[in-house]
Amino acid sequence: MPPMRRKRGGKVNAKLATIDQKERTDASTKNRFQTLLMVFFSVLAARWLLSPTKNGLPKSDISDAFDDFYEANVQPLLDRGLRSFNGTQHALEESSRVGHQLRKQNATVKHPVVIVPGFVTSALELWEGESCMKKNFRQRLWGSASMARTFFADRDCWRKHLQLHPQTGMDPENIRLRSAQGFEAADNFIATYWVWSKLIENLADVGYDGSSMSMMSYDWRLGYQYLEERDGYFTKLKASIESHHKTSGEKVVLISHSMGGTVCYYFLQWVVTDAKKGGGGGGKDWVEKHVHSFVNIAGTLLGVPKSIPALLSGELKDIAELMPQLGDLLEQFFGRRVRKNLWNSWGSLYGMLPKGGDALWGTGADLNEEIVSGSTPAVVWNNGTEELCASSSSSNLSENTTPTAGHADVDNGFTDNELDFHIPPSRQWGMTETIDYLTRTGGGYGSRIEAIFSFDSKKGWKERTSSAQKRKHWHDPVASPLPHAPSMKMYCLYGTGLPTERSYYYELMCDKVSSKHQTCMDTETSSEECNDGTPLDKSPPPENPFLIDVNAKNEMMNVTNGVRFSDGDGSVPLLSLGYMCQKFAEPRSRHNPSGIKVYTRERKHEAEMSLTDPGRGGPRSGEHVDILGNIGVIEDVVRIASGLDVEENVDKDIIVSDLKNIVKKVDQHASGGLNHAV
């Protein structure tokens with residue numbers, strides 16, 4: 001491991017140092033992963049037994065045989081399990097629920113509730129597809145048990161329908177997936193894996209139903225600007241809030257989870273902006289008139305570092321750790337290159353890249369470091385030589401250049417032409433440099449990513465609100481202050497105490513570096529030339545030469561399997577969860593000019609095993625998704641919506657982490673804090 005060129009400012013945060021390395025993955029997450037793995041291999045075994053190499057049948061017959069097997073054996077098993085689970089759940093005494101207890105205290109419907117779910121938790125339905133998917137019209141290709149069936153029946157077809165167009169970020173030709181609608185779109189993900197159902201049920205206990213509460217699901221793959229351009233999502237969200245306000249006479253409680261918090265922040269900027277500038281035309285006072293409170297649960301306000309490896313190399317921590325055990329099997333069915341190509345087409349992942357640059361992420365405050373020079377790296381290139389792949393025919397750049405790539409120009413491969421991968425001698429990228437590389441070269445978007453997202457917070461802060469360029473910064477709370485709504489309240493509710501991905505150690509696979517690969521937009525063309533007359537290279541596109549170095553380990557620095565951890569909720573680091581909420585709450589904050597009251601309420605993760613809720617973290621879990629079932633969070637939400645003793649019980653901070661100290665260290669850093677970010 002290369003030297004980090006900094007000195008550690010004392011011992012690692014005591015709260016993290018007590019976490020045993022062998023227990024980095026929470027027990028509930030292990031159970032959940034094992035369950036999914038069992039389903040994976042069960043269906044995989046069936047698929048293998050029915051493979052053409054086993055019986056010589058045509059592919060179409062194999063697909064039909066697999067569907068018959070699935071419907072006759074797998075689906076009934078899932079249905080029985082779900083019925084059994086639901087029966088067990090409803091056999092619990094009603095009095096054990098928070099909502100029921102609050103109803104006894106006279107909690108009832110007051111403020112209408114509008115819910116905005118997060119990344120990947122809304123189901124996606126097929127409305128138009130290619131011949132391989134025709135029989136699945138209006139079936140869920142994401143977010144149901146049928147998702148597994150369609151994946152294993154024809155994984156290439158499934159992947160092609162989940163992937164967006166690499167150049168436009170919108171629908172590919174002849175393919176249309178749309179979000180399911182209503183509460184069922186995001187109450188449960190697959191079978192017994194609940195998402196919003198517990199919170200919805202507790203709100204129902206005090207009288208809420210479909211007339212006083214709405215689920216505003218959306219296609220979570222799209223870049224936020226395209227949500228409006230393709231689906232009119234923000235117009236519909238605005239209309240839903242206005243409708244609830246009109247029929248009830250009360251302002252709305254806007255509740256979000258995870259990426260939904262960033263979507264809501266974007267919406268709050270959009271809705272007050274003039275329609276001529278790409279906004280919703282609601283006027284300066286729209287939020288003040290219509291929104292009582294913004295309840296941001298496990299919100300990704302400053303983004304998530306785990307989006308970096310997803311876009312850079314098609315890897316997630318769990319997959320990287322799994323590779324030594326599954327190796328070729330996992331790669332065969334959902335290879336790294338396939339994952340990267342799929343994820344790079346989802347503009348939403350770019351929208352979740354960390355915000356604020358090195359001024360916030362480079363101080364090392366949340367890692368308990370004192371940086372001597374430079375900044376805490378987001379990516380460390382962990383090869384053992386100063387000059388990587390120097391002998392490669394493609395490495396012809398100067399020593400101080402960062403990896404660059406040509407324009408991607410292929411449907412499936414996001415293949416780079418004239419690839420040059422030459423890591424600078426420092427072998428370290430700060431957050432700003434990492435994001436700059438991804439936005440310039442990631443996927444096939446090219447300049448189109450920079451057309452809908454900007455991560456230059458300083459530039460965004462200086463843009464006039466009326467500027468058409470401002471909307472590229474609406475996703476970034478560092479560049480875009482809260483709207484004018486002096487009577488609105490904002491609540492930041494999230495879990496803490498779980499190791500969470502913060503930065504990465506990479507190695508460059510020199511044997512994977514390829515100098516050139518030319519292909520066409522239509523990879524199934526039978527012609528020897530592309531439409532523009534260039535020769536068609538029908539060889540497989542080169543593999544991405546970047547790979548997380550799973551051998552990188554350092555217990556004192558909380559580095560395991562090539563990933564460095566900080567405190568957080570297991571998905572979103574504490575810096576992203578809480579920093580801006582604390583800055584918003586400061587008196588005379590430039591980022592909260594109208595003085596919106598902002599409260600931060602943390603929940604320390606306490607895992608419990610429950611026979612009635614198998615595979616989950618229990619009623620006091622602080623894990624990123626399980627937080628929606630945390631009894632403290634549920635009580636806060638029901639009180640806020642019903643207006644029951646809110647000032648006494650909710651309108652106060654609960655800080656159980658080192659957040660206060662982290663904020664102080666970031667702001668006191670010589671080149672850190674919002675003053676340097678903007």
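1. A residue is called buried when its relative accessible area is under 20%, exposed when over 50%, and partly exposed in between (1.4 Å probe, protein chains only). By that criterion helix 22 is mostly covered, with 11 of its 12 residues buried. Helices (H or I, at least four residues) and strands (E, at least two) are DSSP runs numbered from the N terminus.

2. The model is predicted: local features need pLDDT of at least 70, side-chain atom pairs count only at pLDDT 80 or more, and totals for chains, interfaces and linings use all residues. Residues are numbered from 1 along each chain as its sequence is written, and side-chain values use heavy atoms, with hydrogens and water left out.

3. Confidence is expressed as pLDDT, the predictor's value for each residue from 0 to 100. The chain has a mean pLDDT of 79, and 70% of its residues reach 70 or more. Over residues 1-38 the pLDDT is below 50, and this stretch has 78 contacts in the model beyond near neighbours in sequence. Residues 515-541 likewise stay under 50, with 55 contacts beyond four places in sequence. Contact here means heavy atoms within 4.5 Å.

4. Helix 22 comprises residues 574-585. Its expected span is 1.5 Å times one less than its number of residues. The 12 residues should therefore span 16 Å, and the end C-alpha atoms are 17 Å apart, which agrees. Among its buried residues are Leu574, Tyr579, Lys583 and Phe584.

5. Strand 13 (residues 498-508) has 10 of its 11 residues buried, so it is largely enclosed by the rest of the structure. Two strands are taken as paired if DSSP finds at least two bridges between them. Strand 10 (residues 379-381) runs parallel to strand 13 and is joined to it by three bridges; Trp381 has Tyr506 as its bridge partner there.

6. Strand 13 also has antiparallel pairings. Six bridges link it to strand 16 (residues 563-568), where Asp567 stands opposite Pro499. Three bridges link strand 13 to strand 14 (residues 546-548), where Leu547 stands opposite Glu507.

7. A nonpolar core is a set of buried Ala, Val, Leu, Ile, Met, Phe, Trp, Tyr and Cys residues joined through side-chain atoms within 4.5 Å. The largest holds 144 residues, of which Trp196 and Ile297 touch the most other members. Helix 11 (residues 259-271) gives the most to this core, with nine residues. Apart from it lies another core of five residues, among them Val380, Ala552, Met557 and Val559.

8. Beyond four places in sequence, the residues that Trp196 touches include Ile115, Pro117, Met215, His257 and Leu628.
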